[in-house]
Amino acid sequence: RHPNYKTGENYAYLGLPPCFLIFDEYVAFFEMLGTKESVGLLSQLKKIVMLGRQAGYFLIVACQRPDAKYFSDGIRDNFNFRVGLGRISELGYGMLFGSDVKNDMIFYRLSADLHKTDKLCQNNKKRSERITMGYLQMQLMNETTETITIGICLNIDKFYADLDFTANSDFEKWDEYPIERFHEKMRVILEEMENKQQELPLLFSIPLDEEMSFLNITFCYNFIVMDKALFLHTQHEFELDSEALEVCRNEDIGCVVLYLGMNTVM
């Protein structure tokens with residue numbers, strides 16, 4: 001024990017410098033270990049993460065895919081600062097920040113390499129989305145004019161389920177991956193709606209290239225965009241979640257996007 005130890009104080013009170021332990025390529029290292037060794041590694045990391053802060057020892061972990069199995073037993077919840085670099089899929093975002101962030105707004109930079117950020121965006125615009133069970137809420141904000149265009153996509157969970165069944169997730173960071181193509185298409189649609197240049201209803205398809213398919217077949221995922229009045233008039237034709245329908249009735253909603261399903265292209 002340090003001679004100047006005082007209950008409730010930490011390393012800074014004692015004049016001790018902080019120590020940063022950097023563990024690069026953590027997942028790759030973890031995968032090389034056997035079951036017994038991996039359990040031992042997690043046990044030691046947990047001690048450092050949970051008890052080290054008071055003594056001035058901080059752990060920095062860098063990895064490609066922060067899957068829950070590599071941060072089990074509550075370790076992830078003790079990382080107070082988390083950073084995602086580059087383009088991150090929805091799955092990867094959930095792995096890094098936890099499932100609770102799905103009820104928060106996620107901000108995107110409107111540029112060719114669309115990615116999540118909370119910084120000011122190019123062209124003084126932001127698009128955000130809120131993902132909830134069965135629907136995804138998108139928002140395009142023009143910070144110059146302070147106008148906001150909001151859209152909601154219904155059955156988005158079915159779109160993700162179809163992707164899981166047909167698409168190889170190894171390509172999920174590519175610009176051509178269907179989720180990225182969907183976001184880019186919606187960015188354009190919301191932007192044209194803001195400028196009064198988009199006529200509705202609008203049918204569009206998002207392709208899955210053959211090389212990204214498990215079955216080596218080109219798939220198309222089909223959507224229809226409607227204004228709110230048309231959607232409310234035709235909603236009885238679809239089986240939709242009651243909570244999502246209530247959100248659609250919100251006066252701020254500018255358009256409703258409905259996922260219709262997928263088909264193959266021969």
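Phe204 touches Phe182, Lys185, Met186, Ile189, Tyr221, Asn222, Phe223, Val225 and Val257, leaving aside residues up to four places away in sequence. The model is predicted, and the contacts of Phe204 are computed from it.

Phe204 belongs to the largest nonpolar core, a set of 28 residues. Within this core, the residues that touch the most other members are Phe159, Phe182, Phe204, Phe223 and Val257. Six elements are listed as giving two or more residues each: strands β5 (135-142), β7 (202-208), β8 (218-227) and β9 (253-265), and helices α4 (156-166) and α5 (178-194). The largest share comes from α5, with six residues. In soluble globular proteins, nonpolar side chains tend to be buried together.

Some nonpolar side chains lie at the surface. Phe20, Ile22 and Ile60 make a nonpolar surface patch of about 330 Å². Ile22 sits in strand β1, which spans residues 19-23. Its relative accessibility is 64%, so Ile22 counts as exposed, the cut-off being over 50%.

The cysteines were examined next. The structure holds zero disulfides. A disulfide is a covalent bond between the sulfur atoms of two cysteines. Cys19 has a relative accessible area of 26% and is therefore partly exposed. Cys220, in contrast, counts as buried because its relative accessibility is 16%, below the 20% cut-off.

Gly84 lies in the loop that runs between strand β2 (57-61) and helix α3 (90-97). Gly84 counts as partly exposed because its relative accessibility is 34%. In sequence, Gly84 and Ala62 are 22 residues apart. In space, their C-alpha atoms are 9.9 Å apart.

At the level of the whole protein chain, seven helices and nine strands are present. The chain has 266 residues, of which 43% count as buried. Among contacts with a separation of 6 or more, 56% join residues 24 or more positions apart. The accessible surface of the chain comes to about 15600 Å². Carbon and sulfur atoms account for 53% of that surface.

Methods: Residues are numbered from 1 along each chain as its sequence is written. This is a predicted model: local features need pLDDT of at least 70, side-chain atom pairs count only at pLDDT 80 or more; totals for chains, interfaces and linings use all residues. Side-chain values use heavy atoms; hydrogens and water are left out. Patches are made of residues with over 30% relative accessible area and no salt bridge: like charges are joined within 9 Å, nonpolar side chains (Val, Leu, Ile, Met, Phe, Trp, Tyr) within 5 Å. Accessible areas come from the Shrake-Rupley method with a 1.4 Å probe; for residues, only the protein chains shown count as cover. A salt bridge is a side-chain nitrogen of Lys or Arg within 4 Å of a carboxyl oxygen of Asp or Glu. Helices (H or I, at least four residues) and strands (E, at least two) are DSSP runs, numbered from the N terminus. Buried means under 20% relative accessible area, exposed over 50%, partly exposed in between (1.4 Å probe, protein chains only). A nonpolar core is a set of buried Ala, Val, Leu, Ile, Met, Phe, Trp, Tyr and Cys residues joined through side-chain atoms within 4.5 Å. Contact means heavy atoms within 4.5 Å. A disulfide is a pair of cysteine sulfur atoms within 2.5 Å.
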